[in-house]
Every structure is written in structure tokens, then in C-alpha cells.
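Let's take a walk through this protein, one part at a time. Have the structure open while you read.

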Amino acid sequence: MSKEIDYKELIKILPSDDIFQQCMHCGMCLAVCPTYDLTKMERSSPRGRISMIKSVARGEMEMSRTFADEMNFCLDCQACETACPAGVQYGRMVETARVVVDNTKYVSKTGVMLKRFLLRRIVASKNVLKLFSNFLKFYQKSGLQKIIRSSGVLRLISKNLAHVEKLSPIISEKFSDKEIPELVFPNGLVKHNVTFHYGCLMNTMFADINLDTIEVLKEMGCKIITPKNQVCCGSLMGHNGDMEFALKLARKNIDEFELHDYEYLISNSAGCGAFMKDYAHLLEDDPLYAEKAKRFSSKVKDVMEFFAEEKPELKFNLEFKPELTTYHDACHLAHAQKITTQPREVIKSLPGVNYTELEEASWCCGSAGIYNVVRYEDSMVQLERKMKNIKNTNAKIVLTGNPGCMGQIKHGTEKFKVDVEVLHPITLIKRILKK
Ligand code: SF4
Ligand code: SF4
């Protein structure tokens, strides 16, 4: 790709210099950046990356392998956005830059094709993902996984394949799209009309959390519509250089949910919720969808955000005594949606919960979408740090509101031998509900 095309591509999505001018170069973001913490190099910091993106976008710097690598080394955790006093929207810049670098000779074409295939053809296709998940379930349950792991054959094929295999979460017994009826009425009076987005990976790998969410919403007095033709939110594609496809999914979801009359769209996955709240921005230049996207995004709520606002008076089993519990902030809840106090308030308000704060709770665990798959070694550095902090709390339960973090921390419990149960907060609530 020529420099001219790089420039045009970037300018097309970053239409004015304003976005760059916002950065005052103050460096407040450096202390919270996991990649800067590792290398101590300016180019691995938010400020350094902004400067590089600006130079490439203005045609003052050649696209290079270093540029491409730095864009992909970034976890897109958006901790820098939370720390930034100027409100610089760094995430949008790096995601745009990733679209550009994926089209250059500086990233492996095979890698990009594989990533696109996995995300477009497997993750985004409900039926193919279910087929793939069924295959994985057979592999996990039949004993084949044990044999393959102990034989070390995957390591012989590729070290990365062996790592990725270990990251795969346990596939749910039943998938939630089949278990959740399209219309569910509450156990008492209808207080709210809500819709529910069950996600892609949540649907096959964390289906129980989806079912727990429906049960808790029912207790809260929600009439719940779960549109059958909803699709993956597109966040994994959008964060990984394939915004075009992500927006196709966004439009499909908007069309599907528009068929229903509802107050809130409830999501229990931080990554999905953050991305769906961003549809309004992502589609603001689309004449057909701008208004619809604005309406759609304004209704999206994370389930813990909703619970904290509603303060429902639920009937809890007062005999229940959960173990010492801590909380890890998913980046896309804490930094992208700025939801940090609400889950803590809810958790601490649960009867019998013994809560302890986690040090560096909002430091990325290294999952970061598919970062742990494509950059396993870098991701494990962050995970080791997270697991040390979790171990120091002596907690027996760690709560977090994102499937990626749950899978990653679960992997950490085995890899770093930390005895802790990883749960979604909604599952803890469901466990304490009076039967
Ligand atoms: S998104 Fe995270 S890793 Fe990337 S520059 Fe910001 S703080 Fe650093
Ligand atoms: S904190 Fe914000 S303004 Fe300061 S250097 Fe970082 S991105 Fe720029």
C-alpha cells in the first residue's frame, strides 16, 4: 500500500486534525499503560502512538513495520482514555490505524486472512459457531483433549496452537439462544420492557450466565424480549481492523431490535455493551442508520448498570454465605463505559457477601478481545500480574463482567495455580436468590 493510500485511509476515518490536537502531550496516560510499563519506550505509550498515527496520517512519516507492530502491541484497553484529562479518544485512533495496517505489507497476509476467516465466518455466524462449539465440546468431553494435551502433539505442530487450545473455554451443555424463549414474562408485575442481547461467545461458551441474567431480570419485574435474529455485536471485528464487517453486523442488530418496543437493551458482556453503545458514533455518517443507531445506542445498558440503577428489592436466601469475593474491572466496562462504582455497589449490597478490593483492579488482564490468541506471550505478562494481585487478596471468588476476562482469568487460575472461582456478578446474584 502506498503512503498516499495510507494517508487517505486514515484521513477518511479521522476527518480533521482536531482529534490529534486534543492531545496536550502531558503524559498522564503513561502510568496506566500496560505496554509502556513493559517497554518504557515512548512509541509503546498512548502519547507515542498518537504522535505516530498523526505523522502517518499527515504523510510526514512512512508506514513501517514498527508502526504496524505498535498498533497491534496495544491492548486497546482504553485505560489511557480514563486517565486523560483532555478526553482524547485514543481507542478510535488505534482501531482506525489497525484497519490501515491490516492492508499493508507489514502484517502477515495469512494472519489477516485467518483472523478475518475466524471472525467473519465462525464467530459472526451463529450456526457455524454452534457447529464449531459442538465439535469443541466433543473434543473436551470425549477424553480426546486429555490425550492430545498429554501427547504434546499440538506443540510439535505450533507452539501458538498449543497455547490457543489451552485458552478455549469449556463449551456450555446447551446454547442459550435455544433455551431462552423469545418472550419471557416476569414473576410478578411488569415494571420494565427490556430486550436482551445474548452475544456470540456468551451464547455457546457462557450460556449459563445468559440464563442467570434472564432469571434475575425476571425477578426484577422485566418483560424480556430476546430477538431471535439478533447477531454478534461486531466488537471483535471492529477492534481488530475489520470495521466494515462490524458495521454490517451493527446494522443487522439495529434492524432486528427496531422491530420491538422496549425501554432498555440489556447486555451482560462488557465488550458487546461498549460496542453497541458506540453504534451511534460509528454510524453517524450513514444517512439511513444515523438516527436509528442513536436511538439504539441510547437504550443499551450493562446488566450491572441496570441493576444498580433499579435497586430491586429481591428475595435473597439469607443463609447463603459466599466466600471472600473480589472484583476485576473489565476494560470495556471500566474504561469504555465508565462503569466502575455500580458493580461494586451491587456486590457489596448482596447479603452475606464478604468483599475485598483488588489492587490494580482496572489493569487489563491481557485478554483484550483476541489479543491473548494472537499475542499469547505478551498477554501472559499481563495475566501473571493480574493473578498475583488476585492471589494477594486471598479471595475465593473473583467477579468480572466480560467473557474475555472470565476465560483469561480462568486460564490464569490453572497456569499460575491460583485457587479462585471466576464468576460473572449476575451468577453470584442468581446463586443468592431465594428459590
Ligand atoms: S489502550 Fe491500553 S495498551 Fe493501548 S495505549 Fe492505551 S493504555 Fe496503552
Ligand atoms: S493523557 Fe491525554 S493529553 Fe495527556 S499525553 Fe496522554 S493522550 Fe495526550
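Helix α25 (residues 376–393) and helix α26 (residues 403–415) have axes that come within 10 Å and cross at roughly 75°. Angles from 65 to 115 degrees count as roughly perpendicular, so that is how α25 and α26 stand to each other. Keep in mind that what you're looking at is a predicted model.

Who does the touching here? On the α25 side the contact is made by L383, K386 and M387, and on the α26 side by Q408, I409 and G412. Sort the residues of this contact by type and you get three nonpolar, two polar and one charged.

## Two domains

The protein is divided into domain 1, covering 3–101, and domain 2, covering 314–432. If you take the centres over C-alpha atoms, domain 1 and domain 2 are 29 Å apart. Their contact takes ten residues from domain 1 and 13 residues from domain 2.

Now look at the side of domain 1 that touches domain 2. Helices α3 and α6 each supply at least two residues there, and α6 gives the most, with three residues. By type, this side of domain 1 has six nonpolar, two polar and two charged residues.

## Around ligand 1

Next, find ligand 1, which has 14 residues around it; the closest are C33, P46, C74, C77 and C80. The elements that give two or more residues to this shell are α3 (34–39), α4 (46–57) and α6 (79–83). The shell around ligand 1 is made up of ten nonpolar, two polar and two charged residues.

## Around ligand 2

Ligand 2 has 16 residues around it, and C23, C26, C29, R47 and C84 come nearest. Here the elements that give two or more residues are α4 and α6. Which element gives the most to the shell around ligand 2? That's α4, with three residues. As for types, the shell around ligand 2 holds 13 nonpolar residues, two polar ones and one charged one.

## The sheet

Finally, the strands. Five of them form an open sheet in the order β1-β3-β2-β4-β5, with mixed pairing.

For β5, look at β4 (residues 264–267): the two pair in the parallel sense over three bridges.

Note on methods
Residues are numbered from 1 along each chain as its sequence is written. Chains are lettered from A and ligands numbered from 1 in the order in which they are written. This is a predicted model: local features need pLDDT of at least 70, side-chain atom pairs count only at pLDDT 80 or more; totals for chains, interfaces and linings use all residues. A residue is near a molecule or strand if its C-beta atom, placed from the backbone, lies within 6 Å of it. Helices (H or I, at least four residues) and strands (E, at least two) are DSSP runs, numbered from the N terminus. Ala, Val, Leu, Ile, Met, Phe, Trp, Tyr, Cys and Pro count as nonpolar, Asp, Glu, Lys and Arg as charged, and the others, Gly among them, as polar. Two strands pair if DSSP finds at least two bridges between them. Axes are lines fitted to C-alpha atoms, for helices over the stretch in contact, and angles run from 0 to 180 degrees between N-to-C directions. Angles under 35 degrees count as roughly parallel, over 145 as roughly antiparallel, 65 to 115 as roughly perpendicular and the rest as oblique. Two residues are in contact if their C-beta atoms, placed from the backbone, lie within 7 Å. Domain bounds come from an automatic or database domain assignment.
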